[in-house]
Structure formats: structure tokens, C-alpha cells
Amino acid sequence: MDRTPLARPHVDAEVGAVLFDLDGVLTPTAEVHRRAWHRLFTDYLTERTRTTGEQLAPYTNTDYYEHVDGKPRLDGVRDLLASRGIALPEAEVEALGARKNEAFLAELEAGVEPYPGSLALLEHLAAVGTPMAVVSSSANAPAVLRTAGIDHFFPVVVDGAVAREEGLPGKPAPDTFEAAAERLGVPSDRAVVVEDATSGVAAGAAGDFAAVVG
């Protein structure tokens, strides 16, 4: 995705709404998530190898993109563990998810700025009256939006917390994007999805949206 300032942003008049992913699309927090996951699983797999004697492949950046990127947090934990043949009780899965979230929030305290190109697009869409929503697997989306100073652009935020509360399947299912379009009062086939993660692009492709950019 081009993150340079947009000199002449253009949006087709037929577009009724734009549904944005957050991390890696609006803000550089995808890298913060990547580091938090790396810290969690490097520590966990190293300790498990030490205590059980299992020969477990170390965590790599490839694991991030194949198993956790763009997914709800606990799904990411389960998928990574499954890739190593590990099955844990749900309470332990939740504990690992909580550790990852703590690592993410600690890094977020340093602050975050939106991508200049993304900010230019948000300002243009707001000026022409195009409704916008954020659809994120992260339960921290509202905090990230506030920290980046762009929360005022989004009357609708469907994040991981909303998905859990309402029983919505996470990405790569299209349900969270569909819920965002519905809350904006726009038919899905007039909404554009903007994504950077494989699971998010798959979610957009699985729904009846006007277009998927990613």
C-alpha cells in the first residue's frame, strides 16, 4: 500500500462507504503487533523446549504472516501452537493472548502517528462526505485511533471486542466488514474494503463488496 501523501485522492461517486483495516493501513502498528507476537512466542517456545525437551522450531517472521497476522488474537495463538503440534487448555491460550496484549500496549505508550498518505485520504473522504469505518481484529483499535488522533473520522469501529460480544466470526470471514457497512447504513455492494493482511483481503473477497484494495 502506498503510504506517501496523496496529492489528488479520487473516490468514485458510486462508493457509498470505505471500510479500513487499521494496523498497517492507517497506522504503522502492524510492526508493533509483529514485535509483540515475536516476543511472546520466542519466550514461550524457548521455555517449553527447556522444560519439556521437545524439539520445537523457533518462531520466525514467516510464522507471523502465516499464522497470526490479521486474525483475532486467540485464533492467532491457537494457529501458531497448532503449527508446532501443541494443544493447550483454553485458559492457557487466553493467558498467552493476555501476555501478547500487554506487550503491545507497552509499546503503544511510545505513541503512534498515522501514515501521511492515509491521513490525506481520510481528510479527503471526510471533506466529500464519504462514511468511513474501521474493521480490526485487534481489541485495541479504539486506543490506537485515539493515540494517532484519527478517531474522529470513524463513527463506526468494529474491532475484536465487538466481534466477541456479538458473536461475529473474525477475518478471513467477511462478517465484521458486513457489520460495519450495516452500521453505516450502506449496502455491502457499495462499500470498499481497504486491507493489508492476507486474512483481511480474504475477508473482503468473501463478501459482496464493491471492491477490495489490498
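**View 1. Helix α8 and its buried residues.** In this predicted model, helix α8 spans residues 175–184. Its buried residues are Thr176, Phe177, Ala179, Ala180, Ala181 and Leu184. Just past α8 comes Gly185, with a positive phi of about 75 degrees. Most residues other than glycine have a negative phi.

**View 2. The open sheet.** The sheet has 5 strands, and their order is β3-β2-β1-β4-β5. The sheet is open and its pairing is parallel. At its edges lie β3 and β5 (211–213), each pairing on one side only. Neighbouring strands are turned by 20 degrees against each other on average, direction ignored. Helix α8 packs on this sheet and touches β1, β2, β3 and β4. The direction of α8 makes about 160 degrees with that of β3. Strands of a sheet pair through backbone hydrogen bonds.

View 3. Strand β1 pairs with β4 through 4 bridges, and the two run parallel. Here Val18 stands opposite Val192 of β4. Strand β1 also runs parallel to β2, joined by 3 bridges. On this side, Leu19 has Ala133 of β2 as its bridge partner.

View 4. Strands β4 and β5 run parallel. They are joined by 3 bridges. Val194 stands opposite Val213, a residue of β5.

View 5. Pro172 sits in the loop between α7 and α8. The bond joining Lys171 and Pro172 is cis, with omega at about 20 degrees. Most peptide bonds are trans.

View 6. Ser199 belongs to helix α9. Is Ser199 buried or exposed? Its relative accessible area is 8%, so Ser199 counts as buried, the cut-off being under 20%. Leaving aside residues up to four places away in sequence, Ser199 touches Asp69, Gly70, Lys71, Lys171 and Pro172. Two of these contacts, Lys171 and Pro172, are the residues joined by the cis peptide bond.

Notes. Residues are numbered from 1 along each chain as its sequence is written. This is a predicted model: local features need pLDDT of at least 70, side-chain atom pairs count only at pLDDT 80 or more; totals for chains, interfaces and linings use all residues. Side-chain values use heavy atoms; hydrogens and water are left out. Buried means under 20% relative accessible area, exposed over 50%, partly exposed in between (1.4 Å probe, protein chains only). Two strands pair if DSSP finds at least two bridges between them. Axes are lines fitted to C-alpha atoms, for helices over the stretch in contact, and angles run from 0 to 180 degrees between N-to-C directions. Contact means heavy atoms within 4.5 Å.
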